[in-house]
Amino acid sequence: MKRKKVLIDVNSVVPCFAQGKMSGISRTTLELVKSLSKLEDAPVELALTAQNMKGIGAAQLHSGLEEHHMYLPNRDFWNRLLSRTPVQRWLCRHSLLHIPHNFAHVNHNESCIVTLHDAIFMKMAEEGAGHEELRRNAPAFLKRCRRIITCSEHSANDIRAMLQNETPPIDVIPWGIRHDIFYPTDNKKAVRNELAWRYRISKPYFVSISCNAGRKRTDALVRAYLELAAERPLHHELVLVWEDPPVKLLSEVAESNCEHRIHFLNRVEEADLRLLYQGASAAFTPSSYEGFGLPIAEAMACGTPVVTCRNSSLEEVGGNAAIYIDEPISRSLPLIMRQLDDGFIPTAYHSRLGLTQANRFRWEHTASKTICSYCNALGIPV
């Protein structure tokens with residue numbers, strides 16, 4: 001009996017090959033495809049689809065899966081036009097279309113399964129994140145899909161609240177970690193030496209992975225550090241993987257007496273990101289909202305204690321391993337940072353718990369559960 005075909009839309013990954021920049025959605029989609037391609041004896045046939053006039057598409061993933069390339073720009077006008085006809089179904093002959101990037105214009109929603117990473121667009125609008133379009137179009141689109149995949153119980157609850165009585169079945173499938181990339185070190189001195197050579201980071205430090213989204217609250221982390229540094233000398237420096245920090249915050253740092261102790265790094269490769277986690281005394285993620293929180297899981301996988309908040313999905317990812325800060329973080333952040341700087345928090349204990357917690361997040365588990373979601377959508381026994 002011929003297996004049913006599941007077509008996975010990888011348009012979110014395609015720009016990465018042209019621009020060299022990968023978002024969280026493109027990164028998780030790429031890792032999912034890689035892990036799915038390694039599964040043996042899958043009960044469904046897997047194929048990829050992408051569209052780009054220049055021919056950059058699914059072939060660049062080197063997944064070994066069947067590829068369908070449509071020579072059309074991946075732009076809103078063309079996608080709306082394409083959704084008016086079943087041309088994709090005619091060309092690809094699939095039974096189920098997986099859209100792993102929150103939303104798409106499609107011809108036949110009832111044959112779709114969608115990954116909605118979070119419902120933050122219903123709570124706050126972030127500039128440049130396409131939230132206005134999602135707010136307008138996503139609810140109606142999601143209600144017509146066959147199933148929804150999301151990466152945390154908190155996101156699932158947000159989706160149910162958004163869609164109310166018209167919610168399709170939701171499968172909560174946490175993201176994984178590349179444990180071949182993110183792992184602990186037995187030689188922290190060697191890591192520190194490497195970081196001193198690469199980034200001129202030679203002293204103990206705290207690390208945070210961020211972007212300009214206000215909910216990341218990395219500005220509060222920087223100001224907590226500046227507040228403590230104004231009171232007394234600190235043993236630790238602060239390292240921020242942050243591509244384009246606000247000018248106002250940079251001015252505050254420049255006017256302080258510890259500009260040389262705060263390092264802003266741009267576009268760090270994964271191997272260097274591992275070194276930054278491994279060498280850090282603690283990793284800070286003080287976000288007010290996250291759909292999952294990959295930096296937390298990655299830091300724990302490197303044996304690094306994590307400081308985060310009890311909101312959204314962060315406690316699901318951090319489990320009993322994380323060090324939690326309370327609201328308002330303007331008060332609790334300096335307190336925790338001071339305790340870590342003075343060595344009053346048992347970081348070795350949190351490191352051990354973190355390694356156990358991080359082991360729960362594996363891409364092979366994500367892939368296996370995603371196959372189960374496909375089968376449930378197609379009525380195939382699992």
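This is a predicted model: local features need pLDDT of at least 70, side-chain atom pairs count only at pLDDT 80 or more; totals for chains, interfaces and linings use all residues.

Visitor: In the open sheet of seven strands, which are the edge strands?

Guide: The seven strands are arranged in the order β3-β2-β1-β4-β5-β6-β7, and the pairing is parallel. An edge strand pairs on one side only, and the two strands for which this holds are β3 (66–70) and β7 (170–172).

Visitor: Which residue is the bridge partner of Thr-150 in β7?

Guide: Strand β6, made of residues 147–150, pairs with β7 in the parallel sense, and three bridges join them. Within β7, the residue that partners Thr-150 is Val-172.

Visitor: Which strands stand at the edges of the open sheet of six strands?

Guide: This sheet has the order β10-β9-β8-β11-β12-β13, again with parallel pairing. The two edge strands each have a single partner strand, so one side of each is left without a neighbour in the sheet, and these strands are β10 and β13.

Visitor: By how many degrees are neighbouring strands of this six-stranded sheet turned against each other on average?

Guide: The order β10-β9-β8-β11-β12-β13 tells us which strands are neighbours in this sheet.

Visitor: Which residue in β10 is the bridge partner of Val-239, and what is the handedness of the unit made by β9, α9 and β10?

Guide: Strand β9 (residues 237–241) pairs with strand β10 (residues 262–265) in the parallel sense over four bridges. In β10 the partner of Val-239 is His-263. Together with helix α9 (residues 247–255), the two strands form a β-α-β unit that is right-handed.

Visitor: Are the side chains of Ala-282, Ala-283, Phe-284 and Thr-285 in β11 buried or exposed?

Guide: In a regular strand, side chains alternate between the two faces of the sheet. In β11, Ala-282 and Phe-284 point one way, whereas Ala-283 and Thr-285 point the other way, and all of them are buried.

Visitor: Which residue in β12 does Phe-284 stand opposite?

Guide: β11 pairs with two strands in the parallel sense, with β8 over two bridges and with β12 over three bridges. On the β12 side, the residue opposite Phe-284 is Val-307.

Visitor: What span should helix α13 have, and does its end-to-end distance agree or disagree?

Guide: Helix α13 covers residues 329–342, which makes 14 residues, and at 1.5 Å a residue it should span 20 Å. Its end C-alpha atoms are 19 Å apart, so the two values agree.

Visitor: At about what angle does α13 run to β13?

Guide: Several residues of α13 are buried, among them Ile-329, Leu-333, Ile-336 and Leu-340. The buried residues of this helix pack against a number of elements, including β8, β11, β12, β13 and α14. The helix lies across β8, β11, β12 and β13, and its angle to β13 is about 145°.

Visitor: How many residues apart in sequence are the parts tied together by Lys-5 and Glu-66?

Guide: Lys-5 and Glu-66 form a salt bridge in which the closest N and O atoms are 3.2 Å apart. Lys-5 is buried at a relative accessible area of 8%, while Glu-66 is partly exposed at 32%. Lys-5 belongs to strand β1 and Glu-66 to strand β3, so the parts that the pair ties together are separated in sequence by 61 residues.

Visitor: Which helices hold Arg-27 and Glu-298?

Guide: These two residues also form a salt bridge, with their closest N and O atoms 2.2 Å apart, and both are buried. The pair links parts of the chain that are 271 residues apart, with Arg-27 in helix α2 and Glu-298 in helix α11.

Visitor: Which residue meets Arg-215 in a salt bridge, and are the two buried or exposed?

Guide: The side chain of Arg-215 meets that of Glu-290, with 3.3 Å from N to O. Buried means under 20% relative accessible area. At 13% Arg-215 falls under that limit, and at 9% Glu-290 is likewise buried.

Note on methods: Residues are numbered from 1 along each chain as its sequence is written. Side-chain values use heavy atoms; hydrogens and water are left out. The expected span of a helix is 1.5 Å times one less than its number of residues. Buried means under 20% relative accessible area, exposed over 50%, partly exposed in between (1.4 Å probe, protein chains only). Contact means heavy atoms within 4.5 Å. Two strands pair if DSSP finds at least two bridges between them. A crossover is right-handed if, with the strands pointing away from the viewer, the path from the first strand over the helix to the second runs clockwise. Axes are lines fitted to C-alpha atoms, for helices over the stretch in contact, and angles run from 0 to 180 degrees between N-to-C directions. A salt bridge is a side-chain nitrogen of Lys or Arg within 4 Å of a carboxyl oxygen of Asp or Glu.
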